[in-house]
Amino acid sequence: MTKTELIDKLRNEKNLADEEFKELLQGLSEKEEEYLYAKARERREKYYGKEVYLRGLIEFTNYCRNDCLYCGIRRSNTNAERYRLEKAEILSAVKKGHELGFRTFVLQGGEDLSYTDEDICEIVSEIKKLYDDSAVTLSIGEKTRESYEKFYEAGADRYLLRHETANEEHYSKLHPKELSLENRKRCLKDLKEIGFQTGAGMMVGAPFQTVENLIEDLKFLKELEPEMVGIGPFIPHKDTPFKDEVPGKAGDTLRLLAIIRLMLPKVLLPATTALGTIDPMGREKGLLAGANVIMPNLSPITVRGKYLLYDGKICTGEEAAECRKCMEKRVELTGYRVSVSRGDAYT
């Protein structure tokens, strides 16, 4: 079977055998890549038309109890300039974002235990009370099922928790021993059962990653059927044990975006900041490979340069309004248009 035929098979059956996935992942000709991206665009437009959803990202703390080997805000990085936003600062960022047309707000941070469940619930419920036309997404790591239930009852709509890798051995090479893939998967299962629109995802080109690992990731995503999948290239950070590792490739990330779009046609799929960091046109290319979400930064400009999971992060010096206008222009260059809506997953 040719690779073009494999792409058609994936489009029709939404799945492939391991060896077939391997053929697509190990490289395509320029013509085959264009065919893959065209089929991915066709599939995303069937469900989402030409609309690209904006998510206003508010990175409210860069304290983290974890010590993941790839992450710039790991607890043992003594060079990180730490900060926490007060509730009023978070609400101010949301207000500014709402005025700019954002209707989804992503509250993201390290696993910072100084914010209690009650604190998070209070912030979420206040946002929902003030802006009842908007969705709230949380991205604050591994919690108990009871905590997730509290967040959901407070009004949180979505939860992002990248699984990073679906292979146990690979997971142990990226994370400290107190973290486990088993618990990460438990969290994702709990989130789905509770009713969150749930997001998983992985790094592309992470240290020690094999093509077999990526196939396991795809199989895990197929099994989980998340509403969102966030993937981006691994980019090293100078203050981590992986500082000298080779970054992931934009081309590999784009290929995976398209494969995931064909495998999970209704998924919300971001063209990530990491992709835009490794390739100046990465986010535009991501949209043309099947992505339909962009996440501009609404964090106060005073802290934006401090939330550095990896080196070289783009858009750390732009005000929210600048970021919004820039994104709109970039999206329009691709032939798509920014949507002023919550941008819920297609059901």
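The model is predicted, so local features need pLDDT of at least 70 and side-chain atom pairs count only at pLDDT 80 or more, while totals for chains, interfaces and linings use all residues. Residues are numbered from 1 along each chain as its sequence is written, and side-chain values use heavy atoms, with hydrogens and water left out.

**Exercise 1. Describe helix H3 and find which of its residues are buried.**

Step 1. Helices (H or I, at least four residues) and strands (E, at least two) are DSSP runs, numbered from the N terminus. Helix H3 covers residues 30–48.

Step 2. Check the length. The expected span of a helix is 1.5 Å times one less than its number of residues. H3 has 19 residues, and its first and last C-alpha are 26 Å apart, close to the expected 27 Å.

Step 3. Sort the residues by accessibility. Buried means under 20% relative accessible area, exposed over 50%, and partly exposed in between (1.4 Å probe, protein chains only). The buried residues of H3 are Glu33, Leu36, Tyr37, Lys39, Ala40, Arg43, Arg44, Tyr47 and Tyr48. Viewed down the axis of H3, these buried residues fall within an arc of 160 degrees, so they line one face of the helix. The arc is that of the directions from the helix axis to the C-beta atoms. Glu30, Lys31 and Lys46 are exposed on the other side of H3.

Step 4. Find the cover. Contact means heavy atoms within 4.5 Å. The cover over the buried residues of H3 includes helix H1 (3–13), strand S1 (51–54) and helix H10 (250–263).

Step 5. Look at one residue. Glutamate 33 counts as buried because its relative accessible area is 18%. Beyond residues up to four places away in sequence, glutamate 33 touches Leu28 and Arg255.

Step 6. Look past the end. Glycine 49 follows H3 and has a positive phi, near 60 degrees.

**Exercise 2. Work out which elements cover the buried residues of helix H5.**

Step 1. Helix H5 runs over residues 117–130; its 14 residues should span 20 Å, and its end C-alpha atoms are 20 Å apart, which agrees.

Step 2. Asp117, Ile120, Cys121, Ile123, Val124, Ile127 and Lys128 are buried in H5. Down the axis of H5, its buried residues lie within an arc of 165 degrees, so they line one face of the helix.

Step 3. The covering elements include strand S2 (56–61), helix H4 (87–99), strand S3 (104–109), strand S4 (135–139) and H6.

**Exercise 3. State how many residues of H10 are buried.**

Step 1. H10 has 14 residues and reaches 20 Å between its first and last C-alpha, close to the 20 Å expected.

Step 2. Twelve of the 14 residues are buried, and H10 is mostly covered. Among them are Ala250, Thr253, Arg255, Ile259 and Met263.

**Exercise 4. Describe how H6 and H8 meet.**

Step 1. Axes are lines fitted to C-alpha atoms, for helices over the stretch in contact, and angles run from 0 to 180 degrees between N-to-C directions. The axes of H6 (residues 145–154) and H8 (residues 181–194) come within 10 Å and cross at roughly 35 degrees.

Step 2. From H6, Arg145, Tyr148, Glu149 and Tyr152 meet Arg186, Cys187, Asp190, Leu191, Glu193 and Ile194 of H8.

Step 3. Sort these by class. Ala, Val, Leu, Ile, Met, Phe, Trp, Tyr, Cys and Pro count as nonpolar, Asp, Glu, Lys and Arg as charged, and the others, Gly among them, as polar. The contact of H6 with H8 has five nonpolar, no polar and five charged residues.

**Exercise 5. Is tyrosine 159 buried or exposed?**

Step 1. Tyrosine 159 is in strand S5 (residues 158–160).

Step 2. Tyrosine 159 has a relative accessible area of 0%, so this residue is buried.
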